[in-house]
Structures are given as C-alpha cells and as structure tokens.
Amino acid sequence: MSSWRNAVDGDPGTRWASEYRDNEWIAVDLGAASRFDKVVISWERAYALLYKVQISDDGQTWRDVKQVSNAPRPLKIRVNGVPIFCRGGNWGFDELLRRMPAERMDNVIALHRDMNFTMIRNWIGASNRDEFYAACDRYGILVWNDFWVVGYFPDNIPGYLDTALDTVTRFRHHPSIAVWCGANEASPPPNTDAGLRKIVTEQHTDVHYQSHSADGCVSGHGPYHWVEPAKYFDANTYDTFNFGFHTEIGMPTVPVAETMRNLVGNEVAWPIGDVWYAHDWCTNGNQRPQLYQAAIDARLGASTGLDEFCRKAQFVNYENMRGMFEAWNAHLWDDASALLLWMSHPAWHSTVWQTYDYDLDVNGTYFGAKKACEPHHVQASLDTWKVTVLNHTTGVLRGRVEATAHALSGAVLSTQKADVEVGVSGRAQLFEVTRHASALHLVRLRLFDGDRLLSENTYWRYRTPADMQGLNSLGRTKISLDVGSTRRDGDRRRLTVKVRNTGKVVAATTRLGLRDRRSGDRVLPTIYSYNYLWLLPGETREITLSWHKRDLTSEQPRVTIEAYNA
C-alpha cells in the first residue's frame with residue numbers, strides 16, 4: 001500500500017502498470033480518516049473494462065463504493081419499433097462443393113426457424129445465393145451480411161467498392177437484411193470502410209452498417225470449445241467481460257451415430273482416430289474437442305464404442321447449448337442483445353460447430369437451442385438457480401410458473417409456484433429453485449397461461465459431473481408409442497404420436513425418429529414439435545412430426561423411439 005504522496009508524481013508521462021490479468025489493484029493510504037466524493041482516474045490507451053473503487057478503515061477489510069463498466073453499450077436491433085433478441089448462428093459455405101439445390105436451402109433455413117432463431121450471420125458473405133435471402137425472408141429470419149474482408153487487407157483495391165455497391169443494390173430488396181458488416185474480426189482500411197458506410201447509408205437506408213464484427217458495440221471471439229455450462233452465465237468467461245451483441249460462440253457437436261457412420265465411410269469409426277481428425281476433431285484448434293470428450297466421460301463414463309459415445313454426447317450437447325442461450329436470456333437488455341453460434345449450418349460432415357448434421361438429422365444441440373430460444377420461455381440460471389421468464393413476443397405475458405423437483409423415481413421432492421407478468425420483449429425474475437440433498441434429481445419448470453402450457457423445461461441437476469453416472473445404474477424402463485394417422489397439408493405430411501413411460505423410473509432423453517417403413521432409411525429432414533424429452537413414470541406426451549412428401553415417396557412412415565435407459 002502506497003502513501004497518498006506516492007500515488008501520483010505530477011508527470012503525465014509516467015503511469016502505474018498492472019499485469020494483463022484480472023483482479024489487479026492499487027491501494028492508497030490517505031494517512032487518516034478522510035471525506036471525499038470523487039475519484040479521478042486518468043487511463044492511458046489500455047484501460048479496465050470493469051473495475052471498482054473500495055474503501056477501508058484499516059487496510060484489511062474493504063467495502064465497495066462504486067463499480068464502473070467501460071464496456072460499450074451493445075448494438076440493439078429493432079423491427080417495427082420492437083427490440084429483437086438476435087439469436088441464431090453463423091453461416092459459412094452453403095455446401096463444401098457448392099451443391100445446394102433450392103429445396104435443400106429451404107430445408108436448412110426452415111430448421112433455423114424451427115430452432116426459434118431470429119438471425120443468421122452470412123459470414124464473410126459466403127453465400128451469394130438469392131435462394132438464401134429469399135428463404136430468410138420467407139421464414140422471418142434477419143440476416144447480418146458481411147462483406148469480404150478477412151485479416152490484413154490493403155486499401156483502395158480497384159473494383160472493390162464497385163463490387164460492394166453491386167452486392168448491396170442486388171440484395172437490398174430482401175427485408176431480411178438488417179446489418180451490413182465491413183469485415184470479420186477487423187475493420188476495413190479507412191477509405192474502404194468509409195466507402196462501404198457511404199454505400200449502405202445511401203443505398204440501403206434504415207439498415208445498420210457495422211465496421212468490425214467483434215469490436216465497438218458488438219463482441220465475439222468465442223469461446224469455441226466446451227466449458228462448464230454454468231460458466232456461460234459469468235461475464236468473465238468472455239474476453240470483453242460482458243454479454244452484449246456477441247457474434248461468435250460455439251463448441252464441438254458430435255451428431256447421432258448413424259450420421260457418424262456416414263462421416264467415416266469405410267474408415268475405422270472407433271476409437272477416435274484419423275477420420276475424426278480429418279473432419280474437424282482438431283485437438284490443437286479452437287474447438288479443443290478433448291475438453292468435450294472429457295466432459296462426456298466425466299458425466300456418464302468412458303465409452304467403448306461409437307453408438308455409446310454418440311448417445312452420451314447428446315446430454316452435453318443439449319445442456320451446453322441450452323446454457324449458452326439461457327445465459328443471454330438471463331441478462332436480456334441489461335447487458336445482452338444477441339448471441340450467434342459459430343456455426344449453425346454444416347457445409348460437410350463434421351464433429352464440431354453445428355446444430356444439425358450434414359445429413360439434416362437433428363440432435364441434442366438442436367433441441368437445446370430450440371428450447372432456450374422459444375418465444376415464451378421459463379428457465380433457471382445454472383449459476384444461481386433463480387427462475388426467469390422470457391417473453392420474446394409483441395404481447396404482454398400474464399401467467400403462472402410452477403417449479404417441481406423430482407427424484408429419479410418420479411417422486412416429488414418440492415413444489416414452488418408464482419404468478420408472473422412480463423412486458424413486450426422482456427423478462428421477469430422470480431424465485432430460487434429449492435435445493436435438495438439428492439446428488440442427482442430433476443427440476444421441471446412449467447409456464448402456464450390459464451390452463452394452457454406455454455413452456456416446459458426439465459433440468460437434470462447434479463452436485464458434481466460424476467453424479468450423472470447415476471443414470472447408468474438407474475434401471476431400465478419401458479415406453480409405449482401410440483401413432484396416429486398421417487395428415488396431408490399441401491406438400492407436407494404430419495402425424496401425432498403419444499409417448500408414455502410405462503416403467504417405474506424416469507425415461508432419460510427420450511428420442512423419436514422417423515423412417516421409411518419400406519426401405520428403413522431415415523426421413524430427413526423431419527421437424528419434431530419436441531424431442532430428447534424426459535418422461536416421468538406414468539407420464540404421457542404428444543409429439544407432432546412433419547416432413548415434405550418428396551422425402552418419403554413411399555408414403556409409409558415408421559416412428560422409432562429410444563431413451564438412454566429404455
């Protein structure tokens with residue numbers, strides 16, 4: 001601790017310096033009890049994004065008197081005056097070899113819509129297909145559209161601004177475009193930046209121009225690897241120490257086993273080896289899949305084969321993806337306005353950074369995102385277990401919330417209830433979920449409007465990751481399936497199934513599938529009203545399946561069902 005006489009030396013050319021890490025400090029001894037109402041700090045170009053001023057009577061016990069944030073106010077997108085939480089993903093190549101017929105483009109944008117996404121970032125302008133923008137228009141998804149600058153880029157390249165002008169005027173009639181961005185993780189050189197801004201201002205009025213994809217009023221830089229789900233709720237997880245309008249975040253995503261077998265082809269599928277590495281399982285890359293694998297093993301034990309590993313991976317896929325979006329929900333509009341995955345769309349068979357797979361089958365990542373992004377949503381923050389209700393609609397929400405904790409036998413451990421009112425595009429925080437001694441149990445949150453269920457969200461709550469291995473010794477249960485008749489809706493087909501847990505313990509991550517009864521092939525893509533659900537003993541749920549008639553030409557559907565313990 002320095003005497004106040006040593007705190008400054010009157011020379012603006014000198015400074016106090018700290019290490020490049022959190023929790024650095026300087027303490028000044030005023031020599032005696034003093035009264036003051038102002039502290040002036042003269043920062044250099046380097047400054048703290050977050051800091052606090054504390055006082056102490058004895059130099060040992062400190063109390064906060066002021067906390068300061070230098071983080072910029074995040075970008076906020078409004079449509080017709082209503083703020084929109086921009087949730088979605090980055091889009092790279094349409095397809096590795098540019099094989100993207102119009103029907104496939106429609107299918108994958110529809111999958112984004114089904115996940116309740118509201119924005120796609122066309123990363124470095126990778127897609128220049130009219131079908132891409134038309135599908136986003138059709139499904140009501142906003143587009144953040146990058147220009148083509150990546151890394152170092154010289155200024156005044158002949159023809160560059162002419163090409164940008166052609167691009168803006170070509171696509172500006174699409175109502176989905178909300179942002180034009182000058183460069184990925186950089187700002188364009190000064191003349192290019194000014195030229196791009198002028199083009200957007202003059203040719204696409206009322207649309208925002210953003211120079212840099214990860215600076216100023218927006219942020220990025222991941223993390224791109226697995227982290228403990230509760231860490232998403234901590235602003236210190238991000239290099240800007242805030243949530244903000246975050247343009248890139250992601251983690252590995254291993255799809256279902258059948259897709260993985262298509263990925264490996266004639267190569268060895270298990271253990272993890274060369275063919276995995278060729279398909280993005282890069283242990284020295286930003287994805288760090290070894291952390292992801294360790295998280296799966298810690299929770300459910302090491303796997304002995306591909307099917308087992310893929311089945312266990314869906315727990316982590318679901319839990320982390322739900323956690324990402326729910327962290328932003330928990331801070332909505334205070335310090336959170338957008339979250340875009342890196343990536344949401346796969347251009348080829350991959351083991352990382354995707355929400356559905358190249359075959360267009362869906363997995364735990366998909367449904368974790370779909371759950372967290374639903375228009376009316378009830379959730380618990382994984383760091384505090386406080387319940388929050390989200391209303392991502394243009395109408396006021398009035399309802400009630402029920403939180404019930406269940407043992408794995410289905411027995412009720414506790415119940416809590418509260419009425420709630422949430423304004424347009426808003427959130428409301430309620431109570432903290434009751435804690436229990438049980439090492440592993442379920443927490444089910446339900447949001448009602450009268451008797452109508454608006455949102456249901458089931459968490460598996462554990463004290464340590466290893467506690468989840470209790471699912472391995474849970475015991476088997478049985479599931480019955482009542483399949484309704486197929487209904488025709490233009491070019492689409494629909495059917496509703498009733499799923500019932502007839503056993504004496506919960507059915508964990510119950511997954512439905514759709515196949516061609518004649519060939520046995522998967523019907524892809526299939527839209528499910530929900531999937532990867534937890535069923536209590538004796539519980540029945542109705543699930544609707546939908547597909548395009550061209551994807552099941554035999555018109556003979558067969559519904560399949562499986563659970564982790566059934």
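**Exercise 1. In this predicted model, find the handedness of the crossing of α1 and α2: left-handed or right-handed?**

Solution, step by step:

- Begin by finding the two helices: α1 covers residues 102-114 and α2 covers residues 130-139.
- Viewed at their crossing, α1 and α2 make a right-handed pair.
- Next comes the geometry. Two packed helices are described by the angle between their axes and the distance between the axes.
- Here the angle is about 40 degrees, and the axes of α1 and α2 lie 9 Å apart.
- Angles under 35 degrees would count as roughly parallel, and 65 to 115 as roughly perpendicular, so α1 is oblique to α2.

**Exercise 2. Which residues of α1 meet which residues of α2?**

Solution, step by step:

- On the α1 side, look for A102, M105, D106, I109, A110 and R113.
- Facing them from α2 are E131, F132, A135, C136, R138 and Y139.

**Exercise 3. In what order do the four strands of the open sheet stand?**

Solution, step by step:

- Reading across the sheet, the order is β17-β16-β19-β20, with antiparallel pairing.
- The edges belong to β17 (412-422) and β20 (452-462); each has a single partner strand, so one side of each has no neighbour in the sheet.
- On average, neighbouring strands here are turned by 15 degrees against each other, direction ignored.
- Zoom in on β16 (residues 397-406): ten bridges join this strand to β17, and the two run antiparallel.
- For a landmark, pick V401, which stands opposite A418 in β17.

Conventions. Residues numbered from 1 in each chain as written. Predicted model: local features only at pLDDT ≥ 70, side-chain atom pairs only at ≥ 80, totals over all residues. Heavy atoms only, no water. Pairing = 2+ DSSP bridges. Axes fitted to C-alpha atoms, helices over the stretch in contact; angles between N-to-C directions. Parallel < 35°, antiparallel > 145°, perpendicular 65-115°, else oblique. Left-handed = near helix turned anticlockwise from the far one by under 90°. Contact = heavy atoms within 4.5 Å.
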